[in-house]
Amino acid sequence: MMTSITFDPNCVVLPNAHFVGGKLLKGEGSIPVHAPSDGRLLCHLPEAGETLVDHAVCLAQDVQTCSGWARCAPRERGRVLRRWAELVEENAVELARLETVCSTRPIAETTAWDVPFTAEGIRFFAEYADKLGGEVAATQHDLLGLVLAEPYGVIGAIAPWNFPLVMGSWKVIPALVAGNGVVLKPSEMTPFSIIRLAELAVEAGVPAGLFNVVQGTGPITGDALARHPICGKLTFTGSTRTGIQIMKAAADSGPKPVTLELGGKSPQIVFDDIRNVDVVADRILRAFTGNAGQVCVSGSRLIVQKGVHDALMEKVLAKAAGLTSGKLEHSETRYSPIISQLQAKSIETTIQGSVQEGASALLPMRRLDGPGGAFLSPCILSNVTPQMRAVKDELFGPVLTVQTFEDEAEALSLASHATYGLAAGVHTTDLGRAMRAVRNLKAGTVWVNRYGRSSDFVIPTGGYGGSGIGKDLGRQAVEANLRYKSVLMAFES
């Protein structure tokens, strides 16, 4: 019999602090942190200003230089990181609860996916520690050309609130593998699990002060980190608007590389040759209701061939209507709340505006929550146009727009987006059609007959255009944390 994973959130000790130099730094809190599922005030979070951010960055630089982390045998870095993964698994219950308390992630999801996925991610990147380096260049016979791979020094990282542990780790681990120090700012709405992850890093053998966590808001803490001249590179996941601000702030302290995973408005194209309508309907549902649509790669635009439209929509509508809310700390809860009442209201306003412009609500949005929470039922809109905000803008909620097409060319035209190019899905049994779509879709990731990431960390993720620059995951994520020095040696002096 499976043990229940339901827990009492009042019994969870919250690490309401910064983590700098291997220690918790508490301060007077000013930022309210609420539980999304019931609106409870959990605490007031301290905010790091320029002084503390400067201290954290300078300390990371000193430790990166003096600890020998960048100069030690790469296999030793890998050994420490593998021990870190073991500690994540040993502390899985605590980490899952810390993740659930203030995020939109149900305990069933954090237990089964978020924490194990984080541990496996650490292991994956640890294996790159001794497998990436420079190269010997092809030069004329009396010269030796080398290309040396070196860390930047300190990486500034800003993580989002929708998957705090997983996406925070995506920023930190490749940077550490490459020999860098890291200063991370988590979202002020989901600040706790990453602190415990940082504590476990030190316990595993990562030098204290090499990985620091500073709490605070984007305009204050995030801006100070982005502008810091010692940060050799910045990495950020969040909205396109904020990503642009990050780039501007980074440029103010001198040109430096940035990795940006930004917004998306991803299409799912369904052709009428699909064999199993029920299976595809399940994929469509998960793609726009997973984490209540609060996923950057959410498949929020359904583009379906007319011949299969009615049968598919009958299935999708029935499945979407069956989703129900619940407390995130209860093991049976699977559907997430919206992160805040403000975000929920924004989603509702956009839907209302699109309906006023002529969209039809095949499945109207409803409030599912009791007092304080922000659960929204899935919403499905048809008769939409590309100019409507529900089609054009990233809503970050459980909203699916439906458009129909006659042929392949029309499908690809509808799938194109003026701003975003993060991900796309194609559902078809025709291999040639699938490959033509893959070639023509302007997106950083294209899934065929599936929708969503697997546990294959080797496949990088990142977008085109307004959806970002650079890649998380894969070999590319580690290489992005290295800079390359050219050396040309003559054999005679």
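## Residue E261

In this predicted model, E261 lies in strand β11 (residues 258-261), where helices (H or I, at least four residues) and strands (E, at least two) are DSSP runs numbered from the N terminus. The UniProt record, an unreviewed entry, places the feature "active site" at E261; such annotations may be inferred rather than shown by experiment.

E261 is buried, with a relative accessible area of 2% (buried means under 20%, exposed over 50%, partly exposed in between, with a 1.4 Å probe and protein chains only). Leaving aside neighbours within four places in sequence, E261 contacts residues including M167, F236, C296, R453 and D472 (contact means heavy atoms within 4.5 Å).

## Packing of α2 and α4

Helices α2 (residues 74-90) and α4 (residues 107-126) pack at about 170°, their axes 8 Å apart. Helix α2 is therefore roughly antiparallel to α4 (angles over 145 degrees). Among the residues making the contact are L81, W84 and V88 of α2 and V115, I122 and R123 of α4.

## Aromatic pair F117 and F457

F117 and F457 form a tilted aromatic pair, 4.7 Å centre to centre with 35° between the planes (centres within 6.5 Å; planes under 30 degrees apart count as stacked, over 60 as edge-to-face and the rest as tilted). F117 is in helix α4, whereas F457 is in the loop between β19 (445-448) and β20 (464-465), 340 residues apart. Both residues are buried.

## Basis of the model

Residues are numbered from 1 along each chain as its sequence is written. In this predicted model, local features need pLDDT of at least 70, side-chain atom pairs count only at pLDDT 80 or more, and totals for chains, interfaces and linings use all residues, while side-chain values use heavy atoms, with hydrogens and water left out.

How values were computed. Axes fitted to C-alpha atoms, helices over the stretch in contact; angles between N-to-C directions. Parallel < 35°, antiparallel > 145°, perpendicular 65-115°, else oblique. Phe/Tyr/Trp six-rings, centres within 6.5 Å; stacked < 30°, edge-to-face > 60°.
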